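Subject: Structure for you to look at

Hello,

Here is the structure I promised you. Please open it first, then read my notes below.

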Amino acid sequence: MSTAGETTIRRLGPGDEEVVHRLAEGDPQTALLADANTIFVAAFDGDTPVGFAFGYDLPRRHGAPSILFVYELDVDETYRRRGIATALLNALRSESRSHEAFVLAEPDNDAANALYASLGGTRVETVMWDY
């Protein structure tokens, strides 16, 4: 468990289904809390969840055994600019089995791109295809 100012950050797991419901914008998939390759960390102000980071330890066929895919990150608007997103990403990475990570971001999402750069990320030119 870590803190960002007065905010507490911890990994979610089985038994935290209500927290996932409170963070969700749609119908959440709470079964992921029991998946060993899924990492879900949340930031709390007291008992109130105010942000989260969600990712997957993806197995690899060569090189390092896995790589962390940061799938989603969000902090409640009233809690932004307090270091919570940085703390969430650091917690996500510390919970991962991997020392490597990647995240996808829209080119015009200046806030996200600045955050990832501030954490030592390197922007690469890759084309993503949706099917």
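Start with a charged pair. Asp16 and Arg10 form a salt bridge, with their closest N and O atoms 3.0 Å apart. Asp16 is buried, because its relative accessible area of 12% falls under the 20% cut-off. Arg10 is partly exposed, at a relative accessible area of 26%. Bear in mind that this is a predicted model.

That bridge belongs to a set of six salt bridges found in a search of the whole structure. Another one joins the side chains of Arg11 and Glu95, at 3.1 Å from N to O. Arg11 sits in strand β2 (residues 7–11) and Glu95 in helix α2, so this pair ties together parts 84 residues apart in sequence. Arg11 counts as partly exposed, with 30% relative accessibility. Glu95 is partly exposed too, with a relative accessible area of 35%. Asp74 also forms a salt bridge, with Arg80, and there the closest N and O atoms are 3.3 Å apart. Asp74 counts as partly exposed at 31% relative accessibility. Arg80, at 44%, counts as partly exposed as well.

Now the overall fold. The protein has three helices and six strands. Along the sequence they follow the pattern β-β-α-β-β-β-α-β-α. The radius of gyration is 15 Å, close to the 14 Å that the globule rule gives for 131 residues, so the protein is as compact as a globular protein of that length. The C-alpha trace spans about 40 × 30 × 30 Å along its principal axes. Of the 131 residues, 35% count as buried.

Next, the interior. In soluble globular proteins, nonpolar side chains tend to be buried together. Here the largest nonpolar core has 20 residues. Ile9, Val41, Leu88 and Leu92 have the most contacts inside it. At least two residues of this core come from each of β3 (38–45), β4 (48–59), β5 (66–75), α2 (84–95) and α3 (110–118). Helix α2 supplies the largest share, seven residues.

Which residues do the ring pairs link into a cluster? They are Phe40, Phe52, Phe54, Tyr56, Phe69, Tyr71 and Phe102. The structure holds seven aromatic pairs. Phe40 and Phe52 make a tilted one, 5.6 Å centre to centre with 45° between the planes. Phe40 lies in strand β3 and Phe52 in strand β4, so this pair ties together parts 12 residues apart in sequence. Both Phe40 and Phe52 are buried.

Phe69 and Phe102 make a stacked pair, 4.8 Å centre to centre with 10° between the planes. This pair links distant parts of the chain: Phe69 is in strand β5 and Phe102 in strand β6 (residues 101–103), 33 residues apart. Phe102 counts as partly exposed, at 32% relative accessibility.

Last, the surface. Leu58 has its place in strand β4. Leu58 is partly exposed, with a relative accessible area of 31%.

Best wishes

Terms used. Residues numbered from 1 in each chain as written. Predicted model: local features only at pLDDT ≥ 70, side-chain atom pairs only at ≥ 80, totals over all residues. Heavy atoms only, no water. Core = buried A, V, L, I, M, F, W, Y, C linked by side-chain atoms within 4.5 Å. Buried < 20%, exposed > 50% of the residue type's maximum accessible area, 1.4 Å probe, protein only. Helix = DSSP H or I, 4+ residues; strand = E, 2+ residues; numbered from the N terminus. Phe/Tyr/Trp six-rings, centres within 6.5 Å; stacked < 30°, edge-to-face > 60°. Rg over C-alpha atoms; globule rule 2.2 N^0.38 Å. Salt bridge = Lys/Arg side-chain N within 4 Å of Asp/Glu carboxyl O.
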